[in-house]
Structures are given as C-alpha cells and as structure tokens.
Amino acid sequence: MKAWRINKLGEPRNVLDFEEVPDPAPGAGQLLVQVLAAPANFPDVLLCRGEYQVKPTLPFTPGVELCGRVVAVGDGVTRFAVGDRVVGTPTLPIGGFAELSVLDEENAFAAPASLDDAEASALTIGYQTSWFALHRRTQLQPGETLLVHAAAGGVGSAAVQLGKAAGAKVIGVVGGRDKVEYCRQLGADLVIDRRREDFVPLVKEFTDGRGADVVYDPVGGDSYMKSTKCIAFEGRILIIGFAGGTIQTPGLNHALIKNYSIIGLHWGLYKQYNQQAMHECHAELTRLADSGAIKPMISERLPLADVADGIGRLGEGKTVGRIVFQF
C-alpha cells in the first residue's frame, strides 16, 4: 500500500515521505480498514516534530483519526464486521495517512449515516474532546456565555457547535480575518479577531460586564492570562492544550480572589480509565449529528498525495477550518 511515513523527526514538509510499504494485518481485537478519509490534526504536526506525548518508534505513519471501511477483523472482534463504515483513532505506528490502517476495536465507533466520509472522519478527537470538556469536566448550562479560543481550529470549531447545541451564547476568538467568517458560519454569536482587537473588553461588553461563564482554551500562554481578566464569578477555565507554545503558570491567588475554577482535560485518559464514557459520548454526538445540531465543517478536501503540504500549512498556522484528506 501507499503510506506517508516519518523516517526522521522535524517539520512536516521536511520529514513526511510518501512510500510503498507492506499491507498491515489486524491482530487480535483489531480492525483492518480501507481509509476513506483522514483529517489533519495538530497532534500530527507534533508527531512529526517528536513533541507529542505519544512517541512511536521510527519509522511510522501519522494520522490520528479516520473514517474507514472494515476489510478484515482480528480474533475476538464482536462489534464490527467486514463492510462496516467506522470512525475512530488508529493504532500507531500505522496511522490514518495511508491506504490501509489498523484500529483497536475499542477505539472504533460506527460512522453516523448522516455524515459523509470527510465529515465523519473529523467527528472523533475534536468533538469528543469538546464534549467531555463542556459536559463532563464542567456542565455548560443554557444561557451561559462560552468563550472559545482558536475557534476556527479542530477542537475549537467543535466547541463552538457543541456550545450552541447546548443553548449557550458563544464568543469565538480567532487569529486572522480569513477565519472570522468561518467561525460565524459555525454559529458563534460574536467573533473576535485577536490580531486586530483585544478580546477582554469586548467579552465584558458582550456580557454586560459579567464576563464569560466558561472559557475553552486550547492555546495557553497569553490567551489564558487574558481570559482570567474576563472570567465571570463562578466561571470555569478549561485547559485543553498549549498550541501557542507557552505553558502558563496560573495565579492560584487570583482564582481564589475572583472565585473561578481551573479545569484540565486530557481526553486520551478516558481510553485508559473510562472507555464506556467514550462510547456514551459517541452515541450523543451521533444523535446531535443526525438531528443536524452539529456537523463538521470541512474547509478543504484534499487527495492523499497532499498530506505533507496540508500538515505543513497546519503547523505554520496557515489553514482555516478542517482539512481532510480523502482517498
């Protein structure tokens, strides 16, 4: 099969090689799938650089989520059969940027019939991360104000849609004029371009001085520090990641004085500690997708041959919305 492989670590454009490699085979409890679509995710950039928390042995194929058609099953598989269309997270070192990939059965879910291959491929990581953040790590309530940083990105765009589906008022913060309209199309009530405006006074104005009830922050650094200046009484700041490159040190005295909570989310831990919760989450996401309340917005549908360029642009901050590679 054809697959993108990383033989050395570095920037995506420099280290991704398109190669002919042996077809994989499913082990016990695994699915072999024909990859139909695989989205670009920021963890793929980090995998190329060797900066992700998971560090596969070289060489390996990146691609951390996909939509695929089951072509073979390993011993002990009971939930899926050949021909089923599934979504989920593949088992590295055989990631999704290949013609064939392997998933552990427990990390695979039935693809919603209401979504096409590209849309379905983007339903797992971003939407599960945002659902756990908004509905399990905190409980976003109808009428509350949700502030989403990097709202045109993978997890941020999912948070915007899920926030609106929950009945919240959503403020999206993006970096660049080209991302403003995309965020509006997601349903955000107010979109702020952080490159042109300071979001702190605008959040206060939008909320009549109260501030945001929930802040969804996958960026960290300055975005986090400014968020503490516009967080509401009894507000919650969700720490999703540090895409900005700076891991801030929170002022716990400030959290005490203003009476807000700082809440961390590591979505991957649910695979280890509460797999059932992930399946319950996917069932709810499927219900929301089937009802039309959420729908991954795909900004670019690219061929498999364009993976290096697409992941490269993602790492450089030059993409808008979700990029999906279709095979």
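**The parallel sheet and its surroundings**

Reply: Strand β9, helix α6 (residues 177-186) and strand β10 make a right-handed β-α-β unit. Helices (H or I, at least four residues) and strands (E, at least two) are DSSP runs, numbered from the N terminus. A crossover is called right-handed if, with the strands pointing away from the viewer, the path from the first strand over the helix to the second runs clockwise. The model is a predicted one, in which local features need pLDDT of at least 70 and side-chain atom pairs count only at pLDDT 80 or more, while totals for chains, interfaces and linings use all residues. Residues are numbered from 1 along each chain as its sequence is written, and side-chain values use heavy atoms, with hydrogens and water left out.

Within this unit, β9 (residues 169-174) and β10 (residues 190-193) run parallel and are joined by four bridges; two strands pair if DSSP finds at least two bridges between them. V174 has D193 in β10 as its bridge partner.

The unit belongs to an open sheet of six strands, ordered β10-β9-β8-β11-β12-β13, with parallel pairing. Strands β10 and β13 (261-264) stand at the edges with a single partner strand each, so one side of each is left without a neighbour in the sheet. On average, neighbouring strands of this sheet are turned by 20 degrees against each other, direction ignored. Axes here are lines fitted to C-alpha atoms, for helices over the stretch in contact, and angles run from 0 to 180 degrees between N-to-C directions.

Helix α5 (residues 154-165) lies across β8 (145-149), β9 and β11 (212-217), and runs at about 170 degrees to β8. Helix α6 packs on the sheet by touching β9 and β10, and its direction makes about 165 degrees with that of β10. Contact means heavy atoms within 4.5 Å. In the loop between β8 and α5 lies A150, which has a positive phi of about 50 degrees although it is not a glycine. Most residues other than glycine have a negative phi, and most peptide bonds are trans.

Cis peptide bonds are found in other loops. One joins L58 and P59, with omega about -10 degrees; P59 has its place in the loop between α2 and β4 (66-73). Another joins L92 and P93, with omega about 20 degrees, and P93 lies in the loop between β5 (85-88) and β6 (100-104).

Helix pairs complete the description. Helix α2 (residues 42-49) packs with helix α12 (residues 307-315) at an angle of about 95 degrees, their axes 9 Å apart. That makes α2 roughly perpendicular to α12; angles under 35 degrees count as roughly parallel, over 145 as roughly antiparallel, 65 to 115 as roughly perpendicular and the rest as oblique. On the α2 side F42, D44, V45 and R49 take part, meeting I311, L314 and G315 in α12. The residues of this contact divide into four nonpolar, one polar and two charged. Here Ala, Val, Leu, Ile, Met, Phe, Trp, Tyr, Cys and Pro count as nonpolar, Asp, Glu, Lys and Arg as charged, and the others, Gly among them, as polar.

Helix α4 (residues 125-137) and helix α11 (residues 275-291) cross at roughly 100 degrees, and their axes come within 10 Å. Helix α4 is thus roughly perpendicular to α11. Y127, Q128, W131, F132 and R136 in α4 meet A277, M278, C281, H282, E284 and L285 in α11, a contact of seven nonpolar, two polar and two charged residues.
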